[in-house]
Amino acid sequence: MKIEKIFNVKNKIIVITGGSGLLGRTVSKSLNVNGAKVIVIDNKARKFNKGIDFYLCNLESVNEIKRTAEKIQKKYKSIDVLINNHQAKPLGFTKVDIESFDENLWDQIIDINLKATFFLCKYFGEFLKKNGGSIINFASTYGLVSSNKKIYKDNSLGNPVAYTASKGGVISLTKYLACYWAEHNIRVNCITPHGVWNKHEKEFEEKFIRLSPMRRMMKAEEILGLVFYLSSNASSYSTGSNFLVEGGWTAW
Ligand SMILES: NC(=O)c1ccc[n+]([C@@H]2O[C@H](COP(=O)([O-])OP(=O)(O)OC[C@H]3O[C@@H](n4cnc5c(N)ncnc54)[C@H](O)[C@@H]3O)[C@@H](O)[C@H]2O)c1
């Protein structure tokens, strides 16, 4: 079989949350130019390629998620792929001290990263049952291992405990739903990226590189291989897995 056929996303209807963000834009544009019908859900509008559909939705609200899913179902009748790529970065996100970590910050991060991911799976899972399909949940290496305090010292970045807890939760949620929906031919998998370069402070980047086996940060487009694998029939026998694209970060 030709490789183009195996990784084909042509005419697939693909919903992506957080499509206005760093990885979301790269993923949406690439799926779109390769013939998928891309539907972005985000609370921030950005300029998109022609043909990409956009739904404004605050994922903190389960009601808004439900209404948005219903609108999309009404218009498209069914979908093939749901990509949960959103993440919360509320004010104070880089504050990492456990001692002063407050309830509100915890709730915002868990509600958007974990709770919204579940409710998106729940409402879109109903449509996916019709023909089967694929759910791709974005996790993080920080759902597998702790962030390393050393790389956030003396710079303005930081990775809070609630982020790690939420991404660990996304990986467990993925396994549960994969088993629950396997009989409906809905595959549920995670992509775990790490350290996507985004004009980071030199101070941070140097520390990061020292701890990375590949000695560099990730380029946004390096996410695409796994996105196309999991969005297409190439992954027809993969479910409940967590696919890493992290330059070996968790290998040592
Ligand atoms: N960038 C990295 O280095 C990295 C590393 C590991 C994992 N990840 C994961 O990859 C995914 C994409 O990361 P990114 O860096 O592109 O994210 P990003 O912060 O650039 O984009 C996140 C998107 O989510 C949207 N969003 C946030 N809160 C929302 C809400 N309440 N309602 C609707 N939309 C909301 C934002 O508007 C934004 O467009 C995330 O799940 C992230 O956790 C990223």
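Colleague: Let's start with leucine 224. Which helix is leucine 224 found in?

Modeller: Leucine 224 is found in helix α7. Keep in mind that this is a predicted model, so everything we say is about that prediction.

Colleague: Okay. And is leucine 224 buried or exposed? How do I tell?

Modeller: You look at the relative accessible area, and buried means under 20%. Leucine 224 has 16% relative accessibility, so it counts as buried.

Colleague: What does leucine 224 touch, if I skip its close neighbours in sequence?

Modeller: Leaving out residues up to four places away in sequence, leucine 224 touches Thr26, Val27 and Ser30.

Colleague: You mentioned α2. How do I check the length of a helix like that?

Modeller: Compare its span with what you'd expect at 1.5 Å a residue. Helix α2 covers residues 22-33, which makes twelve residues. From first C-alpha to last it reaches 17 Å, close to the expected 16 Å.

Colleague: Which residues of α2 are buried, and what do they pack against?

Modeller: The buried ones are Leu23, Gly24, Val27, Ser28, Ser30, Leu31 and Asn32. They pack against β1 (13-17), β2 (37-42), β4 (81-84), β5 (133-138), β6 (186-193) and α7 (224-231). Just after α2, glycine 35 takes a positive phi of about 95°.

Colleague: Now the inside. What's the idea behind a nonpolar core?

Modeller: In soluble globular proteins, nonpolar side chains tend to be buried together. Here the largest nonpolar core has 28 residues, and the ones with the most contacts inside it are Val15, Ile41, Ile72, Ile79, Phe124 and Ile135. Two or more residues each come from β1, β2, α3 (62-76), α4, α5 (161-181) and β6. The largest share, eight residues, comes from α4.

Colleague: Pick one of those. What does isoleucine 41 touch?

Modeller: Beyond four places away in sequence, its contacts include Val15, Ile16, Tyr55, Cys57, Leu59, Ile72 and Phe124. There's also a second, separate core of 27 residues, and it includes Val9, Ile14, Tyr229 and Phe243.

Colleague: And on the outside, which residues form a nonpolar patch on the surface?

Modeller: Ile98, Trp106 and Val161 do, with about 270 Å² of accessible area together. Look at tryptophan 106, which is in helix α4 (residues 103-131). Its relative accessible area is 35%, so tryptophan 106 is partly exposed.

Conventions: Residues are numbered from 1 along each chain as its sequence is written. This is a predicted model: local features need pLDDT of at least 70, side-chain atom pairs count only at pLDDT 80 or more; totals for chains, interfaces and linings use all residues. Side-chain values use heavy atoms; hydrogens and water are left out. Patches are made of residues with over 30% relative accessible area and no salt bridge: like charges are joined within 9 Å, nonpolar side chains (Val, Leu, Ile, Met, Phe, Trp, Tyr) within 5 Å. Accessible areas come from the Shrake-Rupley method with a 1.4 Å probe; for residues, only the protein chains shown count as cover. A salt bridge is a side-chain nitrogen of Lys or Arg within 4 Å of a carboxyl oxygen of Asp or Glu. Helices (H or I, at least four residues) and strands (E, at least two) are DSSP runs, numbered from the N terminus. Buried means under 20% relative accessible area, exposed over 50%, partly exposed in between (1.4 Å probe, protein chains only). The expected span of a helix is 1.5 Å times one less than its number of residues. Contact means heavy atoms within 4.5 Å. A nonpolar core is a set of buried Ala, Val, Leu, Ile, Met, Phe, Trp, Tyr and Cys residues joined through side-chain atoms within 4.5 Å.
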